[in-house]
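Subject: Structure handover

Hello,

Here is the structure you were waiting for. My notes follow below it.

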Amino acid sequence: MKTALKIILPLILIGMLAAGGFIFFQGVDVAVLNPQGEIADRQRILLIFASALSLIIIIPVYMLLVFFAWRYRDGNKKAAYRPNWANNKWLEITWWGIPCILIAILAVVAYRTSHELDQFRPLDSDVKPVEVQVVALQWKWLFIYPEQQVASVNLMPIPEKTPINLSLTSDAPMNAFWVPSLGSQMYAMSGMSSKLHILANHTGDFNGSSANISGEGFADMAFTVRSQTREDFDAWVEATRGHTEGLDMTVYEELAKPGTVDQPVFYTLADAQLYDKIVMKYMMPPSDEKSDNTQDHESHDMHMDHEMEGM
C-alpha cells in the first residue's frame, strides 16, 4: 500500500500542477502563441508542430517509466526475474527507429521553413511595402521613414496588412530587434545593415523590445509597434512632417547620447542620407583623423630611415 502511494501521490501532484498551469495561462497573453502577423503565425504553427512531434516520444517514455516502476517494484513477486536477459532486437528497433524517423521529419520541416521564413526574404503581397530604417541606440530605438520623410523614437507606426521592409543597424553595442506578436528577431550591429520583413494582420499596439543585453539601460529599451489603418498612418505622417523638429546629423548626435526617453519623440527627416551616414561612420575614420594618421606614419617612416642611416 505504501509503495502504491509513493507512485500515485507524485502523479496526482503532477496532474494538479499541469491543471493549474493550464488554468493560469488561460488569462495570460503569451505573444508568441497569439500571433498578429503572417510571419508570427507561421512560426507558431512550426512551434506547435515541433512540440507535438516531441510528445510522441515524451509521453510513451513517461508512461513506461510509471509502468516499469509499478510492474518491477520490490514488492511485486509476480514480475519475471531475468538477470541474464541481454537485449531484444524489436525493442532496439523501436526505441532507436522512432526517434530517428521523427528527427528526420523535423529536419526536413526545419530546412524548408528556414528558407520560407528567411528574414531577408521579402513578403509576397500586392501592397507596396513601407520602408523603415531602424537604429538601436543607448537605450532607445530610432525609426526613420525615408519615403515619408519622418522619424520617431520608441514608437513605430505602420499600416496594417502592409509589408514592412526593415533595415537595421546600431550606433551602440550590438542589439536585437524583436516584436514577438509579429515574429522573428534580427540583430543590429554597428557598421552593418541587416534586413527584416514583418506584416501586421490587425490594428493594435504590439510590444517590442531588445533581445540582447546591451548595458545599463537595457531593461528600459522597449518600444511599441502601432498597427493602424492606412488612412490613420497617412494622417500621422502628415501631422508629423513639417510640424516637428528637423532630424539632421547635429540633432541626431544629441539624440544618440546614452539615455532613455519617457514618451515617443517625433521628427521631420531633414537629412535623407542619415541612415547611411550612421552605418558608414564605423566603416572608415573621419578625413581629419585619416590625414593625421597618414602624417604620423610618414613621420615614423622618416625617423626609421634616419636611424638606419646612422647605423
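Start with the nonpolar surface patch, where α2 gives the most, with 9 residues. Helices here are DSSP runs (H or I, at least four residues) and strands are too (E, at least two), numbered from the N terminus. The patch covers about 920 Å² and is made by Leu-55, Ile-56, Ile-57, Ile-58, Ile-59, Val-61, Tyr-62, Met-63, Leu-65 and Ile-98. Ile-59 lies in helix α2. Patch residues have over 30% relative accessible area and no salt bridge; like charges are joined within 9 Å, and nonpolar side chains (Val, Leu, Ile, Met, Phe, Trp, Tyr) within 5 Å. Areas come from the Shrake-Rupley method with a 1.4 Å probe, and for residues only the protein chains shown count as cover.

Two points on provenance. This is a predicted model: local features need pLDDT of at least 70, side-chain atom pairs need 80 or more, and totals for chains, interfaces and linings use all residues. Numbering runs from 1 along each chain as its sequence is written, and side-chain values use heavy atoms, without hydrogens or water.

Now the helix packing. α2 (residues 38–71) and α3 (residues 89–116) pack at about 175 degrees, with axes 10 Å apart. Axes are lines fitted to C-alpha atoms, for helices over the stretch in contact; angles run from 0 to 180 degrees between N-to-C directions. The two helices are therefore roughly antiparallel (over 145 degrees; under 35 is roughly parallel, 65 to 115 roughly perpendicular, the rest oblique). Among the residues that meet are Leu-46 and Phe-49 in α2, and Leu-102 and Ile-105 in α3 (contact: heavy atoms within 4.5 Å).

Salt bridges next. The structure holds 9, each a side-chain nitrogen of Lys or Arg within 4 Å of a carboxyl oxygen of Asp or Glu. In one, Glu-116 meets Arg-42 at 3.2 Å, N to O.

Last, two backbone points. The Gln-138 to Trp-139 peptide bond is cis, with omega near -10 degrees. Trp-139 sits in the loop between β1 (130–136) and β2 (141–145). Gln-149 has a positive phi, near 60 degrees. Its place is the loop between β2 and β3 (150–153).

Best wishes
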